[in-house]
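Please look at the structure below with its sequence alongside.

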Amino acid sequence: MNKKKHNQVKFGMLLFSLNIILVGALVFSNNSNVGVLWVLGLCIGFVMQRSRICIASSFRDIFLLKNTAMAQALLVYLIFSTLLFGLVYRISELSNLVVVGKIEPVGLLTVAGAIIFGIGMVIAGGCVAGTVTRMGEGLVMQWISFTGLIIGSILGARHFNWFGDKLYSYPKVYIPEYLGFFNAMLFQILFLGTLFLVMRLYEKNNSVTYQIAATYEAISVRKLYHKIFVEAWPYGMGAVILAVLNALLFLYHKKPLGITSSITHMGAGALDLVGMDFSSWQYFDKEYIFFEYQLVPLVIAMFIGSLLSCLLAGEFRIRPVRKTRFVISALFGGMLMGYGSRLADGCNVGAILSGIPSLSLHGWVFIIGLIPGVLVGIKILTNYLLIFDM
């Protein structure tokens, strides 16, 4: 290991120690709820960085590269999450635990917002969760995209006064209310499993290997460190661990993972510090405000977890944006994602990673809108952003 990587690992160890101290301080100061969310956020960011999971890639690569490896990982995640969320629902029925799945209003605004979001995530170079994770890797483009996310989310929250009543007039469709809980779970798992087998067959016919699990062997402590902290994890393994983490969050927090609402509150919190008045904004007419929003610590911890992963692997480096057009696309793409998520009342995380396992129709309708958005984004990407570099 060269000196630069060795120094990164030492700094990573220091950062890990500081996080242990922080969590301990939160627990002893009666902020154990924040401490648990912080730990889960660290784990989610770490897992996503090590396994390189990205929802944008899972959709984009199908059409752009004819590669379904990341899409298969997404399907693995959704199958396991559906089973685990079902377990959480069952636990809630057998106890006094009240859990609320990610079940949002579904209608034309869902499709419109998803289309806008799909365009944005392709030209921005990553989805919302991917953006937060890649920020920890030192990608300047993703920091610009995150800035756009905040701007777009704030604009969406500002315009919520215009479309909010329309959005809330849509029904919240919980699929088990129509099919029954067992039938809804069974149908969804069979459908997801069928898609997975079709994609596996496609990859097999095209001689592309998809590794769903790690290969285990007797290894030394040094090799074990290398496998956990340095080598890229198989997509499938990362997907399964991520599903477990989201289910644990659902069980503990009573609600599953969501990111863009937190980003919206983070942006509003920053503007609140400079005196902006949000009292007339319908979106913030709730019991929590800005940095007091429950999942803000988790989103910040996701970034720290990704950074920690990079440092312990000795692979962190600042990666500047070399073309002005990519600065523009990152900023504009982030704005589209932020605005689209407010319009659809969810992003790729809330609608897909949490909504579909919650057995909500909203997640499936979001995907329907996301696909044409991705296709438009690919057209923009290939015709205006990449063509000059070929």
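Axes here are lines fitted to C-alpha atoms, for helices over the stretch in contact, and angles run from 0 to 180 degrees between N-to-C directions. Helices (H or I, at least four residues) are DSSP runs, numbered from the N terminus. The model is predicted: local features need pLDDT of at least 70, side-chain atom pairs count only at pLDDT 80 or more, and totals for chains, interfaces and linings use all residues. Residues are numbered from 1 along each chain as its sequence is written, and side-chain values use heavy atoms, with hydrogens and water left out.

Two packed helices are described by the angle between their axes and the distance between the axes. For helix 5 (residues 108-124) and helix 17 (residues 361-385), the axes come within 6 Å and cross at roughly 35°. Their crossing is right-handed, a term for the near helix being turned clockwise from the far one by less than a right angle. The contact of helix 5 with helix 17 has 18 nonpolar residues, 6 polar ones and no charged ones. In this scheme Ala, Val, Leu, Ile, Met, Phe, Trp, Tyr, Cys and Pro count as nonpolar, Asp, Glu, Lys and Arg as charged, and the others, Gly among them, as polar.

Leucine 40 belongs to helix 2 (residues 32-51). Leucine 40 counts as buried because its relative accessibility is 9%, buried meaning under 20% relative accessible area (1.4 Å probe, protein chains only). Leaving aside residues up to four places away in sequence, leucine 40 touches Leu245, Leu248, Leu249 and Leu298, where contact means heavy atoms within 4.5 Å. Leucine 248 lies 208 residues from leucine 40 along the chain, and their C-alpha atoms are separated by 8.4 Å.

Aspartate 61 sits in helix 3 (residues 55-64). Aspartate 61 also counts as buried, because its relative accessibility is 12%. Not counting residues up to four places away in sequence, aspartate 61 touches Lys66 and Asn67.

Technical notes. Helices (H or I, at least four residues) and strands (E, at least two) are DSSP runs, numbered from the N terminus. Buried means under 20% relative accessible area, exposed over 50%, partly exposed in between (1.4 Å probe, protein chains only).
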